[in-house]
Amino acid sequence: VYLKTHGYHWNVRGANFGSLHTLFMAHYTEMWAAIDLIAERIRALGELAPMGYGAFAQLSQIKDGDPSQNAEGMLKELVADHAALVATAKAARDGADDVTASLIDARVEAHEKHAWMLRVSIG
């Protein structure tokens, strides 16, 4: 979702360009910081953090976006992607230790907020 949001930030166009360009930037900036926290938690648990676009693609249900679509299409796609991410995070929470569960809860809250902001921006 981070990569798609960043790409849509670059490629959005139309009457709402300025507000969506800014919104997408706020979202991808927040997610970038979260990615680091998640990777550090993975390392603290004794595992290696994934790295590289190929590794992320293998671990993700999120498909690449289409930069040629209109702003409304971008918004709808990102809303669905955030919903998928929230569902995956909630499933991953089962059996997690307290620290990891707290990190997951924070991500669920953030992605639910991102989805809301995107939903209310649709035409």
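Colleague: What should I know before I start?

Modeller: The model is predicted: local features need pLDDT of at least 70, side-chain atom pairs count only at pLDDT 80 or more, and totals for chains, interfaces and linings use all residues. Residues are numbered from 1 along each chain as its sequence is written, and side-chain values use heavy atoms, with hydrogens and water left out.

Colleague: How do I read a helix, and what span should α4 have?

Modeller: Helices are DSSP runs of H or I, at least four residues, numbered from the N terminus. The expected span is 1.5 Å times one less than the number of residues. Helix α4 covers residues 71-93, 23 residues, so it should span 33 Å. Its end C-alpha atoms are 33 Å apart, which agrees. For α5, 22 residues should span 32 Å, and the end C-alpha atoms are 31 Å apart, which agrees too.

Colleague: Which residues cap the N-terminal ends of α4 and α5?

Modeller: Look for a polar contact: a pair of N or O atoms within 3.5 Å. Within protein, one must be able to donate a hydrogen and the other to accept it, and residues adjacent in sequence count only if both atoms are side-chain atoms. N70 caps α4, with a side-chain oxygen 3.3 Å from the backbone nitrogen of E72. D97 caps α5, with a side-chain oxygen 3.0 Å from the backbone nitrogen of V99. After α4 comes G95, whose phi is positive, near 85°.

Colleague: Is D81 buried or exposed?

Modeller: Buried means under 20% relative accessible area, exposed over 50%, partly exposed in between (1.4 Å probe, protein chains only). D81 sits in helix α4. Its relative accessible area is 9%, so D81 is buried. Contact means heavy atoms within 4.5 Å. Leaving out residues up to four places away in sequence, D81 touches V1, K4 and I62.

Colleague: What is a nonpolar core, and which residues make up the largest?

Modeller: In soluble globular proteins, nonpolar side chains tend to be buried together. A core is a set of buried Ala, Val, Leu, Ile, Met, Phe, Trp, Tyr and Cys residues joined through side-chain atoms within 4.5 Å. Here the largest has eleven residues: Y8, V12, L20, L23, F24, A71, M74, L75, L78, V79 and L118. α4 gives the most, with five. Apart from this core lies another of five residues, among them V1, Y2, M31 and I62.

Colleague: How many aromatic pairs are there?

Modeller: A pair of aromatic rings is described by the distance of the centres and the angle of the planes. Rings of Phe, Tyr and Trp (its six-membered ring) pair if their centres lie within 6.5 Å; planes under 30 degrees apart count as stacked, over 60 as edge-to-face and the rest as tilted. The count is two. Y2 and Y28 are edge-to-face: 6.2 Å centre to centre, 80° between the planes. Y2 lies in helix α1 and Y28 in helix α2, so the pair ties together parts 26 residues apart in sequence. Y2 and W32 are tilted, at 5.6 Å and 40°. Y2, Y28 and W32 form one aromatic cluster.

Technical notes: Helices (H or I, at least four residues) and strands (E, at least two) are DSSP runs, numbered from the N terminus.
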